[in-house]
Amino acid sequence: MTDPSLRRTALYDAHLALGARMVPFAGYEMPVQYRDGVLTEHRWTRDQAGLFDVSHMGQARLRGVAPLAAFEEVTPGDFIGLKPGKLRYSLLLNHKGGIIDDLMAGRPDEDGLYLVVNAGCKEGDFKWIANELAGQVKIERLEDHALLALQGPMAAAVLAGHIPAIADLGFMETTRLNAFGTDVIVSRSGYTGEDGFEISLPNEIAPEVWALLLSDERVRPIGLGARDSLRLEAGLPLYGHDADETISPIEAGLTFAVSKRRRDAGDFPGYSRIKRELDGDLSRIRVGLRVLEGAPAREGAEITDASGAVVGKVTSGGFSPTLSTAIAMGFVPPALSLVGTPLSVIVRGKSQPAQVVAMPFVPHRYVRKS
Amino acid sequence: MFFTKDHEWIKVDGDVATVGISAYAAEQLGDVVFVEVPDLGKVLTVGDSLAVVESVKAASDVYAPVSGEVIEANGDLAAAPETVNADPEGAGWFAKLKIADPGQIAGLMDRAAYDAFLASL
């Protein structure tokens, strides 16, 4: 029952051979889980090292006369100040300060910027950037490249066995180097809250590198199911759920992505709205919720205050394998966003007690070098 | 044991039906992390939601294969939802119904018919 309109990554056959359950996701057939199942895969990533195929994500090179300065016209980040070897989390903003997508932009070398954007947004993102920065930049899509993520406390030891130089890389650093007989980009980053790496490499060698990494007994394949529960525990927003074109960086709790210099200059899209919100005129903000009793609160569940009034909605939620409890993210008025605030979530008509908690739900374990 | 096309099973003992989901359904759901069983005394019509099982990813309804009143619910699942994966057609049962219309059982599949149905999926 394969849908011919769905695309496949270079690792499609490898997923099938590993007993993956394939599902449609962002226009691709992707593995939601392998034989181990979501819980085991989740725990394995927290304890050992998990290998993810994230080749569906949009990779590109942004080049031009002054690509860093140009990229600042579509984001609130400091890219002029981004040094070679560094990677930055940023946001593509529309003219009203709403989030078109969240992304990673790095300088693995001196050749402009290397971008990784969400799979479901990539066509629109690259079109937006090309239009907004017409005449200033050229986008080269890396459609012939796969992207692997190796995540977990053993990731560095495993990868150093193949690429010794990664030992010098710190969290949010990126480098282009020769490995596996070819040119690859390695970044110390990820979407799990664990230490880990993302490796961009040509499709032709992806199956071979995938198999090589899996041949290490510390590494197991991890599907999109555990990817979602891991990022939820890490408090990381999922685009299209916890952030969208109507939500600003301040509302999404991503104020850190609005650089100090850019705030002072007021020179990014949607500045007037974002300035107002920074000055305290904010109607909603993303919070973490621990569901104290009852079923997991999923996306769309209403959040109520102590009086029973609806004050917001859950934007993503589920069961936390690490905490063995239900956790969620949602938007509430700032007055109800303080840690410890008692709230309720409505699941199938039943009110269940919940509490605002700090995110990440499970501490990050990034390895920083500088 | 009789099965529905939605992968519930019932085991009939006199006028009491024990309800659960098949091994196939449990495998498809993946790791069950939460189960909501019905309140005692609830009167269900065939096709009504009888229980909700939640995996890490999603919530799924379990429907009443026959009409009846809930006379017992499996309280052990609150503390051990993983029983649904470990023993779906045994200890992982959800509820017992007092069967309202025994004639409805005739519309369900026996094991051989259910196996044939699974093979056709």
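Predicted model: local features only at pLDDT ≥ 70, side-chain atom pairs only at ≥ 80, totals over all residues.
Apart from neighbours within four places in sequence, A:Ala226 is in contact with A:Val32, A:Val38, A:Glu41 and A:His42. The C-alpha atom of A:Ala226 is separated by 9.1 Å from that of A:Thr192, a residue 34 residues apart from A:Ala226 along the chain.

**The buried side of helix H6**

Helix H6 of chain A (residues 206–214) has buried residues at A:Ala206, A:Val209, A:Trp210, A:Leu213 and A:Leu214. Because these residues cover an arc of only 135 degrees around the axis, they are on the same side of H6(A). The buried residues of H6(A) pack against helices H1 (12–17) and H5 (155–160), and also against strands S3 (49–53), S9 (145–151), S12 (196–202) and S13 (219–221), of chain A.

**Aromatic pairs and charges over rings**

Over all chains, the whole structure holds six aromatic pairs. One of them is the stacked pair of A:Phe171 and A:Tyr366, with 3.8 Å centre to centre and 5 degrees between the planes. This pair links distant parts of the chain, since A:Phe171 lies in the loop between H5 and strand S10 while A:Tyr366 lies in the segment after strand S19, 195 residues apart; both A:Phe171 and A:Tyr366 are buried. A:Phe268 and A:Tyr271, by contrast, form an edge-to-face pair at 5.4 Å centre to centre and 85 degrees between the planes, in which A:Phe268 is buried at 5% relative accessibility and A:Tyr271 is partly exposed at 23%.

In chain B, ring pairs link B:Phe3, B:Tyr114 and B:Phe117 into a cluster. The charged end of A:Arg8 sits over the ring of A:Tyr12, 3.9 Å from its centre, and A:Arg220 lies over the face of A:Trp44, 3.7 Å from the ring centre.

Note on methods:
Residues numbered from 1 in each chain as written. Chains lettered and ligands numbered in written order. Heavy atoms only, no water. Contact = heavy atoms within 4.5 Å. Buried < 20%, exposed > 50% of the residue type's maximum accessible area, 1.4 Å probe, protein only. Helix = DSSP H or I, 4+ residues; strand = E, 2+ residues; numbered from the N terminus. Arc of directions from axis to C-beta. Phe/Tyr/Trp six-rings, centres within 6.5 Å; stacked < 30°, edge-to-face > 60°. Lys NZ or Arg CZ within 6 Å of the ring centre and 35° of its normal.
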